[in-house]
Amino acid sequence: MRRILTSILDFQLRHPVVVLMAALCLAALSVGYTYRNLGFLTSPKDLNYADNHLLKLSREIRDFDGYDTFVVVIENRDEDRSLSFLHALVPHLEADRKHFSQLFYRVDPESFKPWALLYLKPEDLAALEKNLREHAALIRQMAASKDLPDVLGAINHEMASAMVGDLFTGFLEDKGDPAKKPVDLSFMIRVLTQMHQALEGDPEYVSPMDSLIAAGSSSAFWSNTSKAGYFWTRDKHFLLLFVTPKATDAGFSNKLDALNRLRAAISEARSAGFPDIQVGVTGQEALNQDEMGTALQDIRLATGLSLSALALLLIVFWRGIRRPILEMVELIVALCWTFGLTTLFIGHLNILSVTFAPMLLGLGIDYGIHWLARYSEEVQQLGQSREAAMRATMIRLGPSIVLAGVSASASFFPLMLTGFRGLVELGKITSMGMIMTTLSTLCLLPSLLMLFDKAAPARPKQQAPERSDILFRIGNRSARIVLCLSAMALVCSLWGMQRVSFDLNMLHLQSKGAESVIWEHKLLAESDRSSTYGAILARTLEDLSEKTRSLQSLSTVSEVQSVLSMLPEDQEEKIASLKELGSLIGLPEPAAAKQNPIDLNRLNDVLGRIHFKMVDSRAADWGAAKPLVEQMREVRTLIEGLHSQFQSMDPGQQERRLEGFSERFLSDLQDRFALLRMNLQAKPMRPEDLPLTLRQRYISGDGRYLMRIFPSGDIWEPAFLARFVHDLQTVDPNAIGDPVTLEAFTKAYRNACIQAAIYAIIFIALLLLMTFKNFFHAFLVMTPLIVGTVWTIGLMALFGVDFNLANSLFLPLIVGAGVEYGIIIMQRQQQDGFIGDKTALPASTTKGVILAGLTTTVGFCSLGIAHHQGIASLGILATIGSLSILLAAVIFLPALIQSLRLVIQGKIS
């Protein structure tokens, strides 16, 4: 190793410009290649095991996965206002074909008209059938009417027939007969009211048909359908719009652009007349994009802060700017190489690997620090020339840097053995990064020093460090005190470990201020409806029906959506009943569409005859019930008001307004009767009869049926999530969807992190054992890592910090740093031994370790400012861990060496 390192140094001393230019060219090529080709993965599915069974299943629902990935949530304070905002927003989005391929905000009721009566509840259908039977004659007459007087005449005829035929309870029937239904004049009242409003110039028209045909029914089918078919949550608290971004090869950047454009369109629509509307965007893809977008912003800021803090720290430590600049150049070049290799061998970053840059800055700068610290000692304390100092540094320290770099890389290598894609990729990137920083330290830093460092004057060479250069001297008494205090801290930390848990809630990792997170919480809190759902496929309608019944019986399930939930229930029975009713009523074909001038004389005559029947005294004499008497008075008052309007209005204006009303009224009648005629002859509705937008979402290309299963609780709470997924899998072991993927991901990730940490420790131990060929020395090198880690977990318990899916990475991240400190200290201890009866380390070594620890801490600490809670928690915990390990290296390890010095001296000798 020394011969190889000496050859590398010789080449740099002879050709420093060539080495520097080659390094910078490679860095420039790496940056350009990365800029053009590096992608980003945002979904948890992209991080799971490559051969995971769930990933294979998820490919089966690929036909449905691309729809409705963004959910626009409009908070409803006024139903009409919310719908107005929706209709103002939709045209803006529909015009933007670059970003959005489909909007799904309404299922048009017109598509269901041929089967409308089949959707009625049994009790509503029974009420409808009863009304149709009772008013069959009136319906036939109105269906054949050609003008307004005809319709009013038909109503009058119905009333007369009812009186003569003894059908109006309260006129000729005994009051106590419960079999008779009291007459209802609501239809007449609504018709006359609409006429009155039309004569006053009111353009609004409300169909009176509900009061005739759907009386006694809770169905709103016969009502105005202009507000029907929209997607409301429970109690209409939120109005939902589902947006599908246009799929392109741009991946993350395209989806993020689409999300930003969607939010910009919402902002424009609000500012154009809806400042009172509260609206936001959520959904699984919006959560993913916000998470990655926030993470990228945080990493850019953290990288900049890390570079600035590292530069400042080095300037203070070196008391100048020349060597800090050289060290930062070497580090940035290594970072550029790492980006290039990442793009070449992996091609993308994910939410885990995106954090590597600031971490690599903090970890990778250590080797340059150790190099410069030893180089400075050789120059200043031992009187070496610049070239001689670099040779001595390369020979004495180079192998330790190689070992530390290989150890750091090996500490990340076990991440690749977990098989968990997100950790595998992070392991590859960080392992390559540590190798690149090691290479840049040994293969570039000497060239930079040759070109830009000041030549030191030759001084007499010393045989050993001067006593003034010894920073730490630890005797037996000091060692016992340190070990006792350390032991107490270890015991307390071990006791506190039981208070540290593992938080698997992924929503707790994201930025609290992210719009998608805020609105996801709102949906969960105020509507009990998550934007995520489980998914199960069925091959037949019978299988679909059976699984739906099983799912609806589960307490963890709030709703099951499939084609069955959109098809009418009990179709065959309803169709048989409607066909029988149709033959009884015998609706005629609609009258010829011809608008004749209003015959005012006929109209007045019909109104007069109706008015005649509404005599108060006669109704009372016949024993009419009080509600009917009040309705008769209202009809009489309305007719008298119409007569007054006829007399006071200009005849031309009166005729125009009545003709306008007549046209709307007759058109309404014909539409309703056409709908009724169509439904009385309905055939069973099949899945292929559903609108295309629904078929795309629930029927695959090969004819399988999708079930969307929505949870009844908070899907982000791990305990409920586990129950929900377990329930789904009891119905179908092949259940899939975001909750299933999320549950599998969280558990797999947690186990993979634990597995990686164990692998890392084993790998490092084996590497140290092969290097030192001495179990005792290998154990001593590992003690700062072991002791510092236990202290770290104890501090987590003290401050109430739990592990989560982000900060659980801290142990694999700090293994390399912890071992590095032990290697440097043990290497120097083997070279210089003891001074008298005390353990002492030269200032250059101790300061180098301390500075390396502080720079590592700065790299991690810069992550602590992140808005992304997972990244911030990783930065905070890794900062605590790196400081704990540093303290164990510079305090605990020398104290332990001092206590065992006779054994160590014997081993060295």
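Tutor: Glutamate 268 is partly exposed, because its relative accessible area is 38%, and a residue counts as buried under 20%, as exposed over 50% and as partly exposed in between (1.4 Å probe, protein chains only). Its side chain meets that of arginine 261 in a salt bridge, at 3.5 Å from N to O. A salt bridge here is a side-chain nitrogen of Lys or Arg within 4 Å of a carboxyl oxygen of Asp or Glu. Arginine 261 is partly exposed as well, with a relative accessible area of 24%.

Two remarks on reading the model are needed here. The model is predicted, so local features need pLDDT of at least 70 and side-chain atom pairs count only at pLDDT 80 or more, while totals for chains, interfaces and linings use all residues. Residues are numbered from 1 along each chain as its sequence is written, and side-chain values use heavy atoms, with hydrogens and water left out.

Across the whole structure, a search finds 22 salt bridges. One of them joins aspartate 150 to arginine 602, with the closest N and O atoms 2.6 Å apart. This pair links distant parts of the chain, since aspartate 150 belongs to helix H8 (residues 148-164) and arginine 602 to helix H22 (residues 600-613), 452 residues apart. Helices (H or I, at least four residues) and strands (E, at least two) are DSSP runs, numbered from the N terminus. Aspartate 150 counts as partly exposed because its relative accessible area is 26%, and arginine 602 does so at 33%.

A further salt bridge lies between arginine 323 and aspartate 453, whose closest N and O atoms are 3.3 Å apart. Arginine 323 is in helix H13 (residues 322-345), and aspartate 453 is in the loop between helix H17 (445-452) and strand S8 (470-474), so the pair ties together parts that are 130 residues apart in sequence. Arginine 323 is buried, because its relative accessible area is 15%; aspartate 453 is buried too, at 8%.

Some salt bridges share partners, and in this way Asp68, Arg697 and Arg708 are joined into one network. Aspartate 68 is found in the loop between helix H4 (62-65) and strand S2 (70-75). A relative accessible area of 11% means that aspartate 68 is buried. The backbone of aspartate 68 also deserves attention: its phi is positive, about 60°, although the residue is not a glycine. Most residues other than glycine have a negative phi. Aspartate 570 also has a positive phi, of about 50°, without being a glycine. Aspartate 570 is placed in the loop between S11 and helix H21 (571-585), and it is partly exposed, with a relative accessible area of 48%.

Arginine 708, already named in the network, has its charged end over the ring of tyrosine 698, 5.0 Å from the ring centre. A charge sits over a ring if NZ of Lys or CZ of Arg is within 6 Å of the ring centre and within 35 degrees of the ring normal. The charged end of lysine 522 likewise sits over a ring, that of tryptophan 519, at 4.2 Å from its centre.
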